[in-house]
Amino acid sequence: MSLIHINKVSKDYHLGKTIVHALTDININIEKGDFIAVAGPSGSGKTTLLNLIGTLDTPTAGEIIFEERNVSNLPDREATRVRATKLGFIFQTFNLVPVLNVFENVEFPLLINERDNAENRKDVTELLTRVGLEQYQKHRPDELSGGQRQRVAIARALINKPMLILADEPTANLDSKTGENIVDIMLKMNKELGTTFIFSTHDPKVVRHATKKIYLVDGQVDKVEGNNQS
Ligand SMILES: Nc1ncnc2c1ncn2[C@@H]1O[C@H](COP(=O)(O)OP(=O)(O)O)[C@@H](O)[C@H]1O
Ligand SMILES: [Mg+2]
């Protein structure tokens, strides 16, 4: 089932008097349950594309349809709502709260909901077990390796059961082997929970693990590999 249609999307940035064409005429179809790598060298438009899909930025032209709704020009409050209810984000710098332990970092997004505490605790522990961190719940981020921190970030992104997780170079600060391992954990979550993942990377070893690959060059789609291309 189709989740996102990216229709003729372009994004220009104005830098003084020059215009940077960050993305030009992008057409991509994303299905529910896809596990997508957006690959391309630095400056090819990966972050811009993820920001547009994540309603963090608006396209200069074209439209982004998310669950049959045009989300490309939503008012701020609506965009915030979409992000809070539908999306999870993973960043290359992990963005964990340093004074909170692993359990508390993952629990954090749940605290704005009025949910039963015992239910929260059960969900947090279950997710931490799934990403292999059940023994580390009391550790603080500075007591963990980079790969372990990124696993915490994955669990935190998943805790609200978003339909889509966007991860901008989640393996950039990890060695290749740890990076591949992180992508395998995301793939496991994709299979077990059905969550759609879109992550960017410039590491071919990491790209290899994705089931669908979108290659960007100079802000354009160079090729698409994998299932249901558009
Ligand atoms: N806020 C901005 N202002 C001006 N130019 C930008 C901005 N963000 C990105 N760019 C430019 O857009 C192009 C694509 O950038 P980006 O999406 O960050 O690529 P990637 O994530 O693949 O490295 C680059 O030329 C970059 O310099
Ligand atoms: Mg980038």
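This is a predicted model: local features need pLDDT of at least 70, side-chain atom pairs count only at pLDDT 80 or more; totals for chains, interfaces and linings use all residues.
## Helix α4

Let's start with α4, which covers residues 117–130.

Which residues of α4 are buried? They are Asn120, Asp123, Val124, Leu127 and Leu128. Look down the helix axis and these buried residues fall within an arc of 130 degrees, which means they line one face of α4. They pack against three other helices: α3 (102–107), α5 (146–158) and α6 (176–193). Just after α4 comes Gly132, with a positive phi of about 80 degrees.

## Gln150, tucked away

Now hop over to helix α5, where you'll find Gln150. Its relative accessible area is 0%, so Gln150 counts as buried. Setting aside residues up to four places away in sequence, Gln150 touches Ile90, Phe91, Gln92, Phe94, Pro170, Leu174 and Ile182.

In soluble globular proteins, nonpolar side chains tend to be buried together. Here, the largest nonpolar core has 37 residues, and the ones touching the most other members are Phe35, Ile90, Leu128, Ile154, Met186 and Phe199. The elements giving two or more residues to this core are β3 (35–39), α3, α4, α5, β7 (164–167), α6, β8 (196–201) and α7 (204–207). A separate core of 27 residues lies apart from it, with Val9, Ile26, Ile36 and Leu166 among its members.

What does Met186 touch, leaving aside neighbours within four places in sequence? Met186 is in contact with Phe35, Ile90, Ile154, Pro170, Phe197 and Phe199.

Conventions
Residues are numbered from 1 along each chain as its sequence is written. Chains are lettered from A and ligands numbered from 1 in the order in which they are written. Side-chain values use heavy atoms; hydrogens and water are left out. Buried means under 20% relative accessible area, exposed over 50%, partly exposed in between (1.4 Å probe, protein chains only). Helices (H or I, at least four residues) and strands (E, at least two) are DSSP runs, numbered from the N terminus. The arc is that of the directions from the helix axis to the C-beta atoms. Contact means heavy atoms within 4.5 Å. A nonpolar core is a set of buried Ala, Val, Leu, Ile, Met, Phe, Trp, Tyr and Cys residues joined through side-chain atoms within 4.5 Å.
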